[in-house]
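The following note sets out comments on the model under review.

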Amino acid sequence: MSERDQKTLRVLDTGLRAAAENMAFNRALLECHQEGVSPHTLRFLQFEPCALVGFHQNVDQEINTEYCKEHGIAIQRRITGGGAIYFDSTQLGWELYLDKRFLGTADMGQIAARICNAAAAGIRTLGVDAQFRPRNDIEVEGRKISGTGGAFDGDSIMYQGTLLIEFDVEDMLRILRIPAEKLSNKAIESARDRVVNLATLLGERPDLDHVKDAIAKAFAEEFAVELAPSDLLPEEQESFEQALAEIDTEEWVYQRNRPATDAPMFESIFKSDGGLMRVGVALDPERKRLKQLWLTGDIFVKPARTIADLEAALRDTPQAEMEERVRAFFAERDVEMLQLAVDDFIAAIQSALAMAETEEPAG
Amino acid sequence: MGAVRGCDIPEDLMYNVENNVWVRKESDGTATVGLTSYACSLAGTIVSFTPKKVGKTVKKDKSCTTVESGKWVGPAKTPVTGEVTETNDKVAANPGLINEDPYGEGWLIKLKPEDWDGEVGDLKTGSDALAAFEAKMEADGFGGC
């Protein structure tokens with residue numbers, strides 16, 4: 001393996017691509033980097049409309065596959081972790097291929113933080129107050145504008161993120177397997193409160209090249225490297241074609257697929273002095289985990305994002321730890337509630353969990 | 001038990017230090033593979049675990065299991081070639097067990113080694129392993145477990 005240039009960051013722009021092609025680039029470039037063939041690289045990418053599950057997720061449990069089929073939305077599996085996302089041409093993808101020596105640490109948390117902080121600094125130069133929010137998000141005043149994740153192989157790492165340019169969160173909600181009430185106007189509005197895009201913040205759609213430039217410069221500054229735009233190497237092209245042949249297949253996308261019925265959903269309505277709460281839970285019965293929780297209802301909670309934060313905090317929680325986590329969640333926040341107590345949330349969630357013992361799944 | 005910078009490194013196991021994995025020959029002829037406490041410390045809490053299927057042959061230094069922590073995904077590479085005979089159901093149900101007990105209940109897979117004697121020559125054990133991990137931690141800029 002020849003010594004890699006530690007002072008140069010290649011900038012690769014693969015343009016608008018099908019999901020399978022972008023995933024194949026991920027695998028091919030990480031492999032080629034690990035083999036010492038690829039230079040340290042920053043890639044920009046865009047997607048034709050697609051739903052992407054995290055590496056360890058099951059398509060049928062996460063995605064509304066019928067909706068995707070009806071609307072010509074491709075379904076693919078990332079090589080990185082995390083949850084299902086919707087990607088289309090209103091988002092810009094960025095990703096880095098580096099190694100631990102270049103980064104000066106092997107601590108995965110530190111690597112993610114450093115890269116996210118640099119990306120946030122780049123976004124700030126566009127005129128918005130972007131900040132890294134541990135562990136994996138970049139947000140502007142509490143609203144998410146970029147989600148990130150990584151993969152590693154040996155000493156090489158690939159770390160990628162999205163940047164929402166004109167994105168609308170409703171498109172995202174529709175591809176996910178979630179209860180219908182999460183698609184009510186009110187629920188969509190509440191989801192919109194949690195996510196923001198550059199066009200909204202700036203009052204106009206920013207020039208894409210300008211955005212790429214800002215991000216590239218921020219990484220160059222953080223890592224003290226020169227930027228060098230260039231194309232794929234022949235070895236990378238070959239590796240890409242091999243990877244595509246494996247990834248653009250049902251076998252890859254639906255691997256270790258378990259039917260939606262293995263992650264049953266239950267819904268319960270709970271009445272308290274503070275109002276009516278409707279609770280939906282998706283469970284992993286084998287691991288006794290609450291995979292996901294949805295809370296809606298006629299309740300007053302301020303700030304409004306509290307409910308969405310609670311849903312996020314309880315993702316993939318062992319059922320035995322649910323109560324403890326709900327209490328910890330409210331203990332560290334200043335939340336105003338009308339006639340509603342923390343115990344009501346716990347009882348409401350318990351009522352949905354209890355349905356799992358006695359009822360048929362809700363859908 | 002041996003330790004390097006606060007990370008347990010049992011001296012009776014054999015390690016591929018570069019890949020941060022251990023292997024132990026069992027009395028029934030199979031070999032057990034797992035991640036080191038150092039690997040666990042770098043990764044953080046592991047939330048998903050996908051081993052290669054029983055019956056599949058995995059090659060030395062190739063992935064035998066994929067793990068996910070935070071939002072990082074990566075392979076655990078087997079130190080020896082062999083056919084997978086068992087994967088850890090307890091870890092499948094609770095991947096955090098890998099962090100809690102990496103050398104015990106948190107093992108990843110068992111395999112039937114193809115060429116144990118031929119392949120373990122470059123693995124490290126005992127005080128050699130401790131020294132190699134110290135060097136790796138130094139190169140990785142690692143503070144301690």
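What percentage of the contacts in chain B between residues at least 6 apart in sequence join residues at least 24 apart?

1. The model is a predicted one. In chain B, 65% of the contacts between residues at least 6 apart in sequence join residues at least 24 apart. For chain A, residues 24 or more positions apart account for 71% of the contacts with a separation of 6 or more.

2. Chain B contains five helices and eleven strands. Its C-alpha trace spans about 40 × 35 × 25 Å along the principal axes. A compact globule of 145 residues would have a radius of gyration near 15 Å, and the 14 Å found for chain B therefore agrees with that expectation. Buried residues make up 46% of the 145 residues in chain B.

3. Chain A has 14 helices and 17 strands. Along the principal axes, the C-alpha atoms of chain A fill a box of roughly 65 × 45 × 35 Å. The radius of gyration of chain A is 21 Å, which agrees with the value near 21 Å for a compact globule of 363 residues. Of these 363 residues, 40% count as buried.

4. The domain assignment divides chain A into domain 1, residues 8-253, and domain 2, residues 263-358. The centres of the two domains, taken over C-alpha atoms, are separated by 30 Å. Ten residues from domain 1 of chain A and ten residues from domain 2 of chain A take part in the contact between them. On the side of domain 1 that touches domain 2, the residues comprise three nonpolar, three polar and four charged.

5. One open sheet of chain A consists of three strands in the order 4-3-5, with mixed pairing. Its edge strands are strand 4 (74-77) and strand 5 (85-87) of chain A, each of which pairs on one side only. From one strand to the next, the twist averages 30°. Strand 3 (residues 50-53) and strand 4 of chain A run parallel and are joined by four bridges; within this pair, A:L52 has A:Q76 of strand 4 as its bridge partner. Helix 1 (residues 19-34) of chain A packs on the sheet, where it touches strand 3 and strand 4 of chain A, and its direction makes about 15° with that of strand 4.

6. A second open sheet to be discussed has four strands of chain A in the order 12-13-14-16, and the pairing is antiparallel. Why does one side of strand 12 and of strand 16 of chain A lack a neighbour in the sheet? Strand 12 (265-272) and strand 16 (317-318) stand at the edges and each has a single partner strand, so one side of each is left without a neighbour. Strand 14 (residues 289-297) and strand 16 of chain A pair in the antiparallel sense over two bridges, and A:L290 stands opposite A:T317 in strand 16. Helix 14 (residues 342-358) of chain A lies across strand 12, strand 13 (275-284) and strand 14 of chain A, running at about 140° to strand 12.

7. The contact between the chains takes 26 residues from chain A and 20 residues from chain B. Helix 5 (108-124) and strand 9 (143-153) of chain A are the elements that give two or more residues to the side of chain A that touches chain B. Strand 9 of chain A gives the most, with six residues. The residues on this side of chain A divide into seven nonpolar, eleven polar and eight charged.

8. Strand pairing also links the two chains: strand 9 of chain A and strand 9 (residues 72-77) of chain B pair in the parallel sense over two bridges. Which residue of chain B is the bridge partner of A:A151? The partner of A:A151 is B:V73, in strand 9 of chain B.

9. A:N117 and A:Q242 lie 125 residues apart in sequence and, C-alpha to C-alpha, 34 Å apart in space.

Terms used
Residues are numbered from 1 along each chain as its sequence is written. Chains are lettered from A and ligands numbered from 1 in the order in which they are written. This is a predicted model: local features need pLDDT of at least 70, side-chain atom pairs count only at pLDDT 80 or more; totals for chains, interfaces and linings use all residues. Two strands pair if DSSP finds at least two bridges between them. Two residues are in contact if their C-beta atoms, placed from the backbone, lie within 7 Å. Axes are lines fitted to C-alpha atoms, for helices over the stretch in contact, and angles run from 0 to 180 degrees between N-to-C directions. The radius of gyration is taken over C-alpha atoms; the globule rule is 2.2 Å times the number of residues to the power 0.38. A residue is buried if 20 or more other C-beta atoms lie within 10 Å of its own, exposed if 12 or fewer, and partly exposed in between; C-beta atoms are placed from the backbone. Ala, Val, Leu, Ile, Met, Phe, Trp, Tyr, Cys and Pro count as nonpolar, Asp, Glu, Lys and Arg as charged, and the others, Gly among them, as polar. Domain bounds come from an automatic or database domain assignment.
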